[in-house]
Amino acid sequence: MSLGWPEIVLILLVVLMLFGANRIPEIARSLGKATREFKRARDEFADEIKNADGEAEKKLAEKGDDKDDKNA
């Protein structure tokens, strides 16, 4: 299901009537800020996952080296 031009125009007109012309830029700014905050949080979460994965691999590698040293 996709929206065509008539549906989009109708939605925009309804939004304009509900909120008024002065309020629409404010809503758009708020939506932009929320989107940026969400992207920032998503990127931080991804970085944390990568760091945790890298640290786990280091610990496994160190344990493997310790076992090799004990067996030698």
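Modeller: Helices (H or I, at least four residues) and strands (E, at least two) are DSSP runs, numbered from the N terminus. The model is predicted: local features need pLDDT of at least 70, side-chain atom pairs count only at pLDDT 80 or more, and totals for chains, interfaces and linings use all residues. Residues are numbered from 1 along each chain as its sequence is written, and side-chain values use heavy atoms, with hydrogens and water left out.

The protein has 2 helices and 0 strands. Side chains of opposite charge can pair when their charged atoms come close. A salt bridge is defined as a side-chain nitrogen of Lys or Arg within 4 Å of a carboxyl oxygen of Asp or Glu, and the count comes to 3.

In helix α2, E37 and R40 lie 3 residues apart, about one turn of the helix, and their side chains form a salt bridge of 2.4 Å, N to O. R40 also meets E44 in a salt bridge, at 2.4 Å, N to O. Because R40 and E44 are 4 residues apart in helix α2, about one helical turn separates them. The side chains of R42 and D43 form a salt bridge too, at 3.6 Å, N to O. Through shared partners, salt bridges join E37, R40 and E44 into one network.

As for accessibility, buried means under 20% relative accessible area, exposed over 50%, and partly exposed in between (1.4 Å probe, protein chains only). E37 is partly exposed because its relative accessibility is 41%; R40 is partly exposed at 40%, and E44 is partly exposed at 43%.
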